[in-house]
Amino acid sequence: MSLKQNVLKVLEENKGQSISGNKLAKELSVTRTSIWKAINSLRNDGYIIDAVTNKGYCLVPYNKIVSAESIYPFLLGKAKNFHIDYQDKVTSTNLLAKELALNGAKEGTIIIANEQTNGKGRLGRSFYSPANSGVYLSIILRPNLNIEDTLLITTSIAVAVAKAIDDVASVNTGIKWVNDIFIKDKKVCGILTEGAINFENGGLNYAIVGIGINLFESDFPEDIKNIAGSVFGIQDKEQTSSITSKLIAKVLNNIGDAMDSLHDRTYLDEYRKKSILIGKEIKILNNKNIEYGKAIGIDDNAGLLVEDTNGTIITLSSGEVSVRLA
Ligand code: BTN
């Protein structure tokens, strides 16, 4: 971490309170001049830092810039050991995370971006990722799972993210199998899990879980206009970085916890409760084939149980299938 990042970390941890240049210098083992330079550089980046005589520097609570340092103070439990790289603009956080995973990055390495120019969705689609409107994050996981159990990762993370949105935005999200998160009838979040198989033991080398959350209303393109929604609605111009930082941290805290309940599958009860397809007539798109049926449940492997038009129960367990309300 650079000195500037370290200074920002301490200021974020003490947001709204003054901390003297002397104390900062001592804590970070540098001179007061270096602190002064770091503060000026942060101000040039847009941070509003008050300097109060005899008190020191204060990062004002109404700052709007989200950064790794604004998220760290809210991390709890296992997530405290996660490492966040926050970037302004990237092609796709999943692509960058994959490169890191291939180079041995450890579980809990996270890339977050304010904007993606080539955001990837499921089934080869793109994911609309404009600046200042959403959270686009990818986390590297290395769970000890067999390849046939990988649906557990996606579904447990869907619960983790849905609960984080519920808590921070005081809403009641629903999950559309496999991993789309809805508020009322609008999709506010999509999850794309990609991974690499270890051919020697039939397990996973790594999984990249990419999460895209629409935070604020934006000019959604024509093809998703009717289905896309946002967690917070129209952005309040005075909105500070805190709400976004808290939501991201809550997502990460819940993911940390979710990794512990992956094998015992206890999260599946919550997944079932939040499933919006159960009891509904659905349309299943499998490559070019279209079938109809009724969703009747979620099995213990997170597969979707469907009664087809002949009354036969089938289980959908493939990420290659797309399901819509009929
Ligand atoms: C979907 O709804 O089809 C899944 C969308 C997943 C989008 C996220 S945004 C962060 C990560 N990086 C990507 O390129 N995609 C995922």
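Helices and strands are taken here as DSSP runs numbered from the N terminus, a strand having at least two residues, and with this numbering the strand β14 gives five residues, the largest share, to the lining of the largest pocket. The structure described is a predicted model.

Eight helices and 14 strands were assigned in the protein. The radius of gyration is 22 Å, close to the 20 Å that the globule rule gives for 326 residues, so the protein is as compact as a globular protein of that length. When the C-alpha trace is laid along its principal axes, the spans come to about 80 × 45 × 30 Å. Of the 326 residues, 48% are buried, a class that takes in residues with under 20% relative accessible area. Among the contacts between residues at least 6 apart in sequence, 62% join residues that are at least 24 apart. The accessible surface amounts to about 16000 Å², and 47% of this area belongs to carbon and sulfur atoms.

The largest pocket holds about 950 Å³ of space. Its lining is made up of 40 residues, and the ones closest to the centre of this pocket are R125, F127, D180, K187 and I224. Two or more lining residues are given by each of the elements α5 (93-102), β5 (134-141), β7 (180-183), β8 (186-198), β9 (203-214) and β14 (321-325). Sorted by class, the lining of the largest pocket contains 18 nonpolar, twelve polar and ten charged residues.

For the second largest pocket, the computed space is about 700 Å³. Here 37 residues form the lining, and K64, I65, V66, S67 and Y86 are the residues that lie nearest the centre of the second largest pocket. The elements that give two or more residues to this lining are the helices α1 (3-13), α3 (32-45), α4 (68-71) and α7 (241-260), together with the strands β3 (83-90), β4 (109-116) and β5. Among these elements, β3 provides the largest share of the lining, with six residues. By class, the lining of the second largest pocket comprises 16 nonpolar, 13 polar and eight charged residues.

The strand β5 gives two or more residues to the lining of the largest pocket, and β5 is likewise listed among the elements that give two or more residues to the lining of the second largest pocket.

Notes
Residues numbered from 1 in each chain as written. Predicted model: local features only at pLDDT ≥ 70, side-chain atom pairs only at ≥ 80, totals over all residues. Heavy atoms only, no water. 1 Å grid on protein atoms, 1.4 Å probe; cavity = no way out; pocket = protein on both sides within 12 Å on 5 of 7 lines; lining within 4 Å. Points joined across faces, edges and corners; volume = space filled by probe spheres on them. Helix = DSSP H or I, 4+ residues; strand = E, 2+ residues; numbered from the N terminus. Nonpolar A, V, L, I, M, F, W, Y, C, P; charged D, E, K, R; others polar. Rg over C-alpha atoms; globule rule 2.2 N^0.38 Å. Buried < 20%, exposed > 50% of the residue type's maximum accessible area, 1.4 Å probe, protein only. Contact = heavy atoms within 4.5 Å. Areas by Shrake-Rupley, 256 points an atom, 1.4 Å probe, with all protein chains shown as cover.
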